[in-house]
Amino acid sequence: MDYDKIGENIRQIREKEIKKTREEFAEEIGVSIHTVTRLENATSKVTNIEIFLKISEITGYTIEELLLQKDDSKNREKIRRKIDYLLNVVSEEELEYIYVNISQFIKFTHRDEIRTLKEIKQENKN
């Protein structure tokens, strides 16, 4: 494994995609800032797979994408994995709240596109 490339890749993801400071990132993955610095700068090998799994959950990147620089994942899937990570830590009540709000948001944004069954039947008759 090329630890220099892995570290650079993770640093770019942290800075450009999830836009977190090194301190925030370290706190979220549950390691010290020194470990994140070692990881990103490749000053010493970070081989704890748990760290990479946590980074994968937070960023939506697969382990293969992080460690082997493979880009076989679609952006939509990355976003879904990031959302899934967040949803796994909330309560049932919070999940219900999120569902209701997402549902209302989708209905609002697509309000001009949604047709009822009655409208579709009427169009077919004409």
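Q: Which residues of the largest nonpolar core touch the most other members?
A: In soluble globular proteins, nonpolar side chains tend to be buried together. A nonpolar core is a set of buried Ala, Val, Leu, Ile, Met, Phe, Trp, Tyr and Cys residues joined through side-chain atoms within 4.5 Å; buried means under 20% relative accessible area, exposed over 50%, and partly exposed in between (1.4 Å probe, protein chains only). In this predicted model the largest such core has 18 residues, and I10, F25, I29, L39 and I55 touch the most other members.

Q: Which elements give two or more residues to this core?
A: Helices (H or I, at least four residues) and strands (E, at least two) are DSSP runs, numbered from the N terminus. Two or more core residues come from each of α1 (3-17), α2 (22-29), α3 (33-41), α4 (49-59) and α5 (63-68). The largest share, four residues, comes from α4.

Q: What does I55 touch, not counting residues up to four places away in sequence?
A: Contact means heavy atoms within 4.5 Å. On that basis I55 touches I10, F25, I29, L39, G60 and L66.

Q: How far can the coordinates be trusted, and where is confidence lowest?
A: Where pLDDT (the predictor's confidence in each residue, from 0 to 100) is low, the predicted coordinates should not be read in detail. The protein averages a pLDDT of 83, and 92% of the residues score at least 70. Confidence is lowest in helix α8 (residues 117-125), at a mean of 71, and highest in α2, at 92. The model is predicted, and local features need pLDDT of at least 70, side-chain atom pairs count only at pLDDT 80 or more, and totals for chains, interfaces and linings use all residues. Residues are numbered from 1 along each chain as its sequence is written, and side-chain values use heavy atoms, with hydrogens and water left out.

Q: What is the phi of K19, and what is the phi of A42?
A: Most residues other than glycine have a negative phi, and most peptide bonds are trans. K19 has a positive phi, near 50 degrees; K19 is in the loop between α1 and α2 and is exposed, at 63% relative accessible area. A42 has a positive phi near 55 degrees and is found in the loop between α3 and α4.

Q: Is T62 buried or exposed?
A: T62 counts as buried because its relative accessibility is 18%. T62 lies in the loop between α4 and α5. Neighbours within four places in sequence aside, T62 is in contact with S56 and R81.

Q: Which residues are in contact with T35, leaving aside neighbours within four places in sequence?
A: They are V46 and I51. T35 lies in helix α3 and, at 13% relative accessibility, counts as buried.

Q: What separates the C-alpha atoms of E17 and T59?
A: The distance is 8.2 Å, although E17 and T59 are 42 residues apart along the chain. E17 is found in helix α1 and is partly exposed, with a relative accessible area of 40%. Leaving aside neighbours within four places in sequence, E17 is in contact with Q12 and Y61.
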